[in-house]
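Reader: I'd like to walk through this model with you, a few questions at a time. Can we start once it's on screen?

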Amino acid sequence: MKSASTLKNILSIIIVIVLINTIQIYTLYQTRKFGDIDFFDFQDHLFGMITCCISFISTYYSWQFISKRYKLKAVKIGLSFLFALVVFSALSSIFFVVYRYVIYGFGTSLWMMVGNIVFGVTMSHLYISGYTIAYLHFKNSKEMALDIERLEKEKEIFKSKMLQKNLEPHFLFNNLSVLSSLSRKNQEEMETFIDDFSDVYRYFLKHSEQEIVPLTEELHFIKGYTNLIEKRFNKAYKIINTIEDKTGFIVPCTLQLGIENALKHNRGSENNPLIIELYRIENTIFIKNKLQPIANVSSSNIGNQYLKKQYKLLFNLDIIFTKTETEYCVEIPLIP
């Protein structure tokens with residue numbers, strides 16, 4: 001088995017050597033066939049520099065095009081190289097035809113164009129394209145590392161803010177007041193309230209270090225959180241969840257932040273309750289509410305910004321916030 005693998009590697013190396021040697025010989029053949037290159041001829045230097053510029057431009061824009069569509073490193077590098085090769089071949093051929101016609105008044109045959117492509121690729125494009133992709137890749141990796149480092153810092157700030165918010169005296173006091181009221185009126189509801197209250201804190205403490213959780217767990221958490229809100233405010237705020245398909249993953253507390261944002265910026269009353277809708281269309285969760293704005297409400301917006309960066313950097317997904325004259329909607333993509 002080992003000898004077969006060794007033989008396979010040797011054959012692969014021989015094939016690569018033969019291929020490279022064949023290309024180099026063909027390149028030299030084309031050079032002699034259509035005119036030797038003169039080191040002291042300025043036009044030859046100009047032709048080479050323009051060819052190098054075409055190679056760089058082809059590679060740079062190919063990288064920009066491919067990197068926006070693919071995130072896997074090997075795929076991005078491979079496709080960028082192949083796409084740049086195609087673009088370079090097309091642009092260098094156009095330049096070659098125009099150059100021969102303008103400078104010498106000569107026509108250009110198909111085989112001459114093929115020879116020029118092979119010559120340009122082997123003499124300049126392979127090196128320039130390789131160096132350019134390597135530089136862009138390492139530059140992109142460095143920027144990504146810095147973005148992730150900033151995101152980690154923001155994550156720690158966000159977690160601290162969330163923990164502080166969930167442990168704020170008035171938050172505890174309000175819920176304990178509801179608990180005290182239930183203890184006098186309805187023992188059965190009191191037990192349910194305690195369970196929901198415990199689940200909310202347990203969920204946050206358990207999942208605060210995780211990047212994603214199953215949608216089923218987030219929805220179970222939201223059910224307990226919704227019960228707390230509705231018991232606290234009676235009928236002033238109503239959260240309607242119609243999500244039936246619970247497949248997929250989501251960043252922890254994303255739905256809670258969407259609901260909290262609606263509660264913070266909109267008023268509700270028993271006569272005019274604020275209705276918050278949760279529903280799913282394909283692989284997107286929507287949180288929608290009518291605008292019933294509270295005047296002079298300040299917001300750091302740290303939660304929304306954190307989530308947007310988290311989804312974009314780690315999953316290449318966009319959270320969309322849409323505000324019209326009558327409604328506010330948050331679109332949350334699910335993570336496959």
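Author: Let's begin with Cys 253, which is buried, with a relative accessible area of 5%. Bear in mind that this is a predicted model.

Reader: Okay, so where does Cys 253 sit, and what is its phi?
Author: Cys 253 lies in the loop between strand E3 (249-250) and H8. Most residues other than glycine have a negative phi. Cys 253 isn't a glycine, yet its phi is positive, near 70°.

Reader: Is Glu 282 buried or exposed?
Author: Glu 282 belongs to the loop between E4 and E5. Like any residue that isn't glycine but has a positive phi, it's worth a look: the angle for Glu 282 is about 55°. Exposed means over 50% relative accessible area, and Glu 282 comes in at 68%, so the label is exposed.

Reader: Now a lysine: is Lys 76 buried or exposed?
Author: Lys 76 is part of helix H3 (residues 73-104). The cut-off for buried is under 20% relative accessible area, and Lys 76 has 7%, so this lysine counts as buried.

Reader: Which residues is Lys 76 in contact with, leaving aside its neighbours within four places in sequence?
Author: Three of the partners, Trp 63, Ile 66 and Ser 67, are themselves buried residues of H2.

Reader: How far does H2 reach from its first C-alpha to its last?
Author: Helix H2 covers residues 42-67, which makes 26 residues. At 1.5 Å a residue you'd expect 38 Å. The model comes close to that, with a reach of 37 Å.

Reader: Which element gives the largest share of the largest nonpolar core?
Author: That core has 40 residues, and among those with the most contacts inside it are Ile 250, Leu 255 and Tyr 311. Elements giving two or more residues include helix H6 (187-207), strand E4 (274-281) and helix H9 (302-315). The largest share is seven residues, and they come from H7.

Reader: And how many residues are in the second, separate core?
Author: Phe 88, Phe 95 and Phe 96 are among its members, along with Ile 54. Ile 54 is also one of the buried residues in H2. The count for this second core is eight residues.

Conventions. Residues are numbered from 1 along each chain as its sequence is written. This is a predicted model: local features need pLDDT of at least 70, side-chain atom pairs count only at pLDDT 80 or more; totals for chains, interfaces and linings use all residues. Side-chain values use heavy atoms; hydrogens and water are left out. Helices (H or I, at least four residues) and strands (E, at least two) are DSSP runs, numbered from the N terminus. The expected span of a helix is 1.5 Å times one less than its number of residues. Buried means under 20% relative accessible area, exposed over 50%, partly exposed in between (1.4 Å probe, protein chains only). Contact means heavy atoms within 4.5 Å. A nonpolar core is a set of buried Ala, Val, Leu, Ile, Met, Phe, Trp, Tyr and Cys residues joined through side-chain atoms within 4.5 Å.
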